[in-house]
There are 2 protein chains.
Amino acid sequence: MEYIEEITSLKEQISFRGMIDVPSAIDNIVIAGMGGSGIAGRIFKEFYTKKPVTLVRSYDIPEFVGPKTLFVAISYSGNTEETLLATKKAREKGAQITAISTGGKLAELVKDTVIVPDGYQPRSAVGYLTIPLLSGFELFNEPELDVAKKLLINSDVNVNPYKKFADEIFSGSKIPVIFGTPGFDSVAYRWKTQFNENAKVLAYSTSFPELNHNDTMALENTYRKDEFYFFVLTHKPLEKEIADRIRITSKLCKFEMKEVEGEGTSLFSKVFTLIHKGDYISYFLAQKRGVDPRNVAVIENLKNELRKSK
Amino acid sequence: MEYIEEITSLKEQISFRGMIDVPSAIDNIVIAGMGGSGIAGRIFKEFYTKKPVTLVRSYDIPEFVGPKTLFVAISYSGNTEETLLATKKAREKGAQITAISTGGKLAELVKDTVIVPDGYQPRSAVGYLTIPLLSGFELFNEPELDVAKKLLINSDVNVNPYKKFADEIFSGSKIPVIFGTPGFDSVAYRWKTQFNENAKVLAYSTSFPELNHNDTMALENTYRKDEFYFFVLTHKPLEKEIADRIRITSKLCKFEMKEVEGEGTSLFSKVFTLIHKGDYISYFLAQKRGVDPRNVAVIENLKNELRKSK
């Protein structure tokens with residue numbers, strides 16, 4: 001499959017019918033996942049705040065994990081070392097365990113695994129990896145899904161705005177910086193990782209209002225400011241408070257942010273349309289740079305060397 | 001008070017005797033704090049995983065906040081808008097509320113506020129803001145405290161290594177990137193914010209092993225790699241798995257990380273000595289750049305403009 005086909009499959013991915021079982025007797029949720037698979041947990045946290053949600057991005061699990069914990073292990077390959085080890089530890093502590101994966105060792109380990117279609121790069125299976133979580137907790141409805149699909153189809157029609165961003169980043173060899181706003185912190189991080197993995201450029205993300213307490217001081221008079229390319233991820237209606245912060249920060253620190261909007265009225269459509277736009281921009285930047293957006297050889301090499309050194 | 005005096009007061013700050021009251025009947029902990037005050041919650045999360053800990057870095061609080069929640073509001077000035085609003089919302093939901101502050105509106109709002117010494121920049125009061133949390137939960141002991149004090153006194157004796165890092169960053173106008181390791185993610189973020197606020201340079205942080213799933217792809221062949229300056233925060237004994245990742249990542253991606261170590265054997269001494277080293281480096285970088293590390297005028301201007309636009 002070409003990478004562009006993977007990207008444009010997001011509209012089909014969000015119709016995926018698999019969902020995790022959510023037991024009623026839980027006090028908290030722990031989601032383990034790394035990189036492209038870990039993003040699903042981050043997105044889930046934007047949608048769900050009825051119980052504490054803790055993300056695990058390493059081998060270790062929190063002490064509180066126990067029978068009242070729903071532990072969700074997410075690994076597209078099913079063979080992510082960190083996630084497998086964390087899942088084993090969660091089992092020892094009696095957690096209620098479910099998983100999302102194409103199979104691998106994780107599906108052997110966890111009977112209750114939602115199996116998703118394989119053949120994708122983990123990071124371009126973001127729909128498949130996220131929907132079973134959101135569905136299990138009933139965090140979107142059919143009308144929202146329909147609207148999101150239409151908006152995603154629309155964004156495939158005219159990709160020139162994404163190309164333009166990529167051109168500008170490329171022609172100045174700029175480092176992308178992505179500012180989230182409340183509800184879209186996870187998407188800002190998703191953009192960062194897509195710039196890293198698809199376009200092979202350094203990038204970082206942070207969010208309003210937190211960045212007004214630190215990055216703002218740098219933005220006023222850092223060196224190299226012109227070598228960065230700033231995005232801010234917004235939606236409508238944007239809280240006045242946040243809109244004011246964006247406007248005033250830009251004015252006081254004398255720099256420009258490219259505003260990219262999540263579309264539609266639901267959090268669901270806003271999140272997925274924003275993810276889609278970031279995917280496109282990073283893809284076009286890869287094209288411009290002449291690098292293969294699918295290639296993750298260095299990560300594979302790293303895994304091999306880690307295995308050998310054990 | 002000179003900024004260097006603030007920095008070198010960390011050894012006294014960690015002896016601060018104030019502590020929050022921790023009710024026994026709680027299911028979860030929510031800590032609200034922005035910027036320099038927010039770092040205390042991040043550090044706390046490294047020490048405490050017996051119950052879920054959720055950090056609030058905006059106006060909104062999670063839906064689950066209720067009578068079984070210990071809500072800790074941290075604001076050095078006591079007047080941080082986001083934290084005050086979040087605290088009011090937590091009160092409406094019946095949470096058990098405590099606060100750490102020099103006073104301000106927060107101390108008026110929350111009777112049970114631990115009052116810390118004033119006259120510091122919030123970010124250089126990191127000891128005062130963190131200790132009441134760690135003490136309340138009994139997360140360190142007297143011998144650990146004594147060792148940490150001695151190590152901090154030692155690090156004040158020879159500051160040349162920190163100056164050298166600052167010189168190298170300055171002479172190449174480099175952008176600092178700080179890689180954490182498990183247990184020190186919060187400290188990596190602290191370094192980033194200190195580079196932002198003290199030295200007024202852009203910077204970002206991320207951590208092993210997560211960065212091996214995204215930044216690593218960029219590190220192999222991003223443009224501008226030579227314009228960044230990479231730190232990795234470690235300690236002894238470092239997990240073999242993480243040591244391998246650092247070594248192999250550096251080799252495969254052909255770049256150098258400056259390793260900076262937390263000292264001593266307890267998490268307590270490691271965390272505070274690492275914070276101290278980052279404070280120094282960012283301070284010396286400010287000196288080199290000829291900027292005032294205390295100056296946060298742009299943040300004050302921003303707050304004023306925000307107030308006016310209401």
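**View 1. Helices H3 and H6 of chain B cross at roughly 40° in this predicted model.** The axes of H3(B), residues 35–47, and H6(B), residues 126–136, come within 9 Å. Angles of 65 to 115 degrees would count as roughly perpendicular and those under 35 as roughly parallel. H3(B) and H6(B) are therefore oblique to each other. Their crossing is right-handed.

**View 2. Side by side, H3(B) and H6(B) meet through named residues.** From H3(B) come Ser37(B), Ile39(B), Ala40(B), Ile43(B), Phe44(B) and Phe47(B). H6(B) answers with Val126(B), Leu129(B), Thr130(B), Leu133(B) and Leu134(B). By class, this contact has nine nonpolar and two polar residues. No charged residues take part.

**View 3. Chain A is divided into two domains.** Domain 1 covers 3–136, and domain 2 covers 152–289. Their centres, taken over C-alpha atoms, are 26 Å apart. The contact draws 16 residues from domain 1 of chain A and 18 residues from domain 2 of chain A. On the domain 1 side, helices H1 (3–8), H2 (10–13) and H3 (35–47) of chain A each supply at least two residues. H3(A) gives the most, with seven residues. This side of domain 1 has nine nonpolar, two polar and five charged residues.

**View 4. Chain A touches chain B.** Each chain, A and B, puts 57 residues into the contact. On the chain A side, two or more residues come from each of H3, H9 (185–197), H10 (215–221), H11 (240–253) and H13 (297–308) of chain A. That side divides into 22 nonpolar, 18 polar and 17 charged residues.

Conventions. Residues numbered from 1 in each chain as written. Chains lettered and ligands numbered in written order. Predicted model: local features only at pLDDT ≥ 70, side-chain atom pairs only at ≥ 80, totals over all residues. Domains from an automatic or database assignment. Contact = placed C-beta atoms within 7 Å. Helix = DSSP H or I, 4+ residues; strand = E, 2+ residues; numbered from the N terminus. Nonpolar A, V, L, I, M, F, W, Y, C, P; charged D, E, K, R; others polar. Axes fitted to C-alpha atoms, helices over the stretch in contact; angles between N-to-C directions. Parallel < 35°, antiparallel > 145°, perpendicular 65-115°, else oblique. Left-handed = near helix turned anticlockwise from the far one by under 90°.
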